[in-house]
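Here is a friendly walk through one protein model. Please keep the sequence and the 3D view open as you read.

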Amino acid sequence: MIITNETLSSLRTMVRGEFQSRLTGLKTQALYKTLVTIIQSNSSSNTYGWLGKFPQMIEWVGERVIKDMKEMAYELFNKKYEATLGIDRADIEDDNLGIYRTLSQSYADEFVSFCNRKVFALLSGGFEGLCYDGQPFFDAEHPVYPNTDGTGTAESVSNIQGDVAATGTPWFLVNLSGVLKPFILQERIAPEMESITDTKNDHVFMNDEYLYGIRYRGNFGYGFWQQAVASKETLNAENYKAAVAKMKAFKRDGGDKLGIVPTHLVVGSSLESAGREVVEKENLTGGESNINYHTTELVVSPWME
């Protein structure tokens, strides 16, 4: 085959098309999407001061009561990510392109896997990673204020069940029922496939290889800590019930209950059996009903221990 501009254009269309088609299908079922609020970014970074002061509905008597956005230093800077594929010019000449159709699709698989890895790394790393109030996402000292305007002496509230110094394998309860999720996916530029096919390009000339690569800009961060509870205690019925009760007790500034209840129990592969015992076993060993049966949906993440 003689390589022409039409050949390269056709190849470029095929690679991009296969990538986007596969990606569109995968993203609808991607596990990470259930855990994140997707925020479209229009600059180099986004600041999330609004996380600390979400308005509360009250009776309108007289003038509106304006709730100022609390100053928070939680800012996510967009990062660049890439993955690059080299296509040997000889393969195009020999019309040996079937493998590249599969490789283009596999790049879509890799992007979704990348997002899953990043989001579950946030979950596992929440004992150190800081959230909007300046505390680790999972912490025993989240400040909750007695007044709705965020004034007064703050009470320290924990979203860690059990001993904060425990060293066991962590498990998590999360609430995924609302529009706002426990984690943020800040997207500046959606993943796109780019190419270099000009024979005058130094790489193409010296290596006889065309380049195709994914480019992505965005970042991953923490949302509301009140939507997640972590534990490093043994995953059993007693500790599970204590973690559920802890989330249900969370209050907003001013003292009103948030009304958040866990919807999912998230575990790594090593705790899959324990998780199924707690929420998927309908009857206990003695034959009595399991009161925790299907109270949350079990999520087993292969990206955690």
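The report below covers the model, its strands, its nonpolar core and its cysteines.

## About the model

This is a predicted model, in which local features need pLDDT of at least 70 and side-chain atom pairs count only at pLDDT 80 or more, while totals for chains, interfaces and linings use all residues. Residues are numbered from 1 along each chain as its sequence is written, and side-chain values use heavy atoms, leaving out hydrogens and water.

## The four-stranded sheet

Let us begin with an open sheet of four strands, ordered β1-β9-β10-β4 with mixed pairing. At its edges lie β1 (36–40) and β4 (79–88), each of which pairs on one side only. From one strand to the next, the twist averages 30 degrees; axes here are lines fitted to C-alpha atoms, for helices over the stretch in contact, and angles run from 0 to 180 degrees between N-to-C directions. Strands (E, at least two residues) and helices (H or I, at least four) are DSSP runs numbered from the N terminus, and two strands pair if DSSP finds at least two bridges between them.

Within this sheet, β9 (residues 183–196) and β10 (residues 209–222) run antiparallel and are joined by eleven bridges. One of the residues to look for is Phe183, whose bridge partner in β10 is Tyr222.

## Strand β11 and its partners

Strands of a sheet pair through backbone hydrogen bonds, either parallel or antiparallel. Strand β11 shows both senses: β7 (residues 160–161) pairs with β11 in parallel over two bridges, whereas β8 (residues 171–174) runs antiparallel to β11, with four bridges. Gln161 has Ser231 of β11 as its bridge partner, and Leu173 stands opposite Val229.

Which way do the residues of β11 (residues 228–231) point? Ala228 and Ala230 point one way, Val229 and Ser231 the other, and all are buried, meaning under 20% relative accessible area, with exposed over 50% and partly exposed in between (1.4 Å probe, protein chains only).

## The nonpolar core

The largest nonpolar core has 75 residues, and those with the most contacts inside it are Tyr32, Phe138, Leu173 and Leu265. Helix α3 (residues 98–124) gives the most to this core, eleven residues. Such a core is a set of buried Ala, Val, Leu, Ile, Met, Phe, Trp, Tyr and Cys residues joined through side-chain atoms within 4.5 Å.

Leaving aside residues up to four places away in sequence, Leu265 touches several others, including Trp171, Phe172, Leu173, Tyr240 and Val299; contact means heavy atoms within 4.5 Å.

## Cysteines

The structure holds zero disulfides, a disulfide being a pair of cysteine sulfur atoms within 2.5 Å. Cys115 counts as buried because its relative accessibility is 0%, and Cys131 is buried with a relative accessible area of 2%.
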